[in-house]
Amino acid sequence: LQVLSLDVRSNQTTGVGVFEPDGYCPNVPKPTSRKTTSKSEELDYAKILNSVLPQEIRVLAWAPVERTFNARYNCTSRQYKYFFPKGALNLKLMEQASKRLIGEHDFRNFCKIDMSKNEIQSCVRTVFDVQFTKVNAGGLNSRTLCCFTIVANAFLWHQIRCIMSVLFAIGEGKEQPDVNKFSRLLVHLLVHCIQYSSYILLR
């Protein structure tokens, strides 16, 4: 589910988000149309947009907002869903470990920092909720498609990938869910990855 902000034509002359576009001349007569719509009836934006979008992309709802609204920076929370096959993973251990993510934490070791940006970026994020669910109907087996859902005020670049790499290690039994800090575990895994890569290069 993605939230977007768009500038579209409106039947309204006043109200939230209604504005006159640049270059608009009120004295120029507007072209008439055979089909007229009452000023009190707004355009059906969902129907109009869905008619030109592919079937796998659907507009579910819309709401008027101020021109200063930003779909990215004005959001109060975000939800991320990560789908994966269960395989031989221990979901109970993964869920137990994921609960440690809830709350306000510094996730600097759980992201990829863009060194080309000069400004200092805060890596503190607040996680509101995490949960594991199965997508397939029926019992839980190796072919079951699972979903990890995490809700937070914002996410960092590659934050979910880093979190899932740690949770997968716990689900595979390579690490224990009672680690004191996720950051220590992540550094431990990264060191092993670097050593393994160096070994391959030397061979």
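1. Let's start with Cys111, which counts as buried at 15% relative accessibility (buried means under 20% relative accessible area, exposed over 50%, and partly exposed in between, with a 1.4 Å probe and protein chains only). The closest cysteine sulfur to that of Cys111 belongs to Cys123 and lies 4.3 Å away, too far for a bond. A disulfide here is a pair of cysteine sulfur atoms within 2.5 Å, and by this rule the count comes to 0. Cys146 is likewise in no disulfide, the nearest cysteine sulfur being that of Cys147 at 8.8 Å. Cys146 counts as buried, at 0% relative accessibility.

2. A word on the basis of these values. This is a predicted model, in which local features need pLDDT of at least 70 and side-chain atom pairs count only at pLDDT 80 or more, while totals for chains, interfaces and linings use all residues. Residues are numbered from 1 along each chain as its sequence is written, and side-chain values use heavy atoms, with hydrogens and water left out.

3. Now the charged pairs. Side chains of opposite charge can pair when their charged atoms come close. A salt bridge is taken as a side-chain nitrogen of Lys or Arg within 4 Å of a carboxyl oxygen of Asp or Glu, and the whole structure has 2 of them. In one, Asp106 joins Arg108, with the closest N and O atoms 2.8 Å apart. Asp106 is partly exposed at 39% relative accessible area, and Arg108 is partly exposed at 46%.

4. The other pair is Lys174 with Glu172, where the closest N and O atoms are 3.2 Å apart. Lys174 counts as exposed at 61% relative accessibility, whereas Glu172 is partly exposed with 47%.

5. Helix α3 covers residues 159-171 (helices are DSSP runs of H or I, at least four residues, and strands are runs of E, at least two, numbered from the N terminus). The expected span is 1.5 Å times one less than the number of residues; for the 13 residues of α3 that gives 18 Å, in agreement with end C-alpha atoms 18 Å apart. Of these 13 residues, 10 are buried, among them Cys162, Met164 and Leu167. After α3 comes Gly173, with a positive phi near 85°.

6. Lastly, Asn50 sits in helix α1, residues 45-50. Asn50 counts as buried, at 16% relative accessibility. Leaving out residues up to four places away in sequence, Asn50 touches Ile57, Arg58 and Val59, contact meaning heavy atoms within 4.5 Å.
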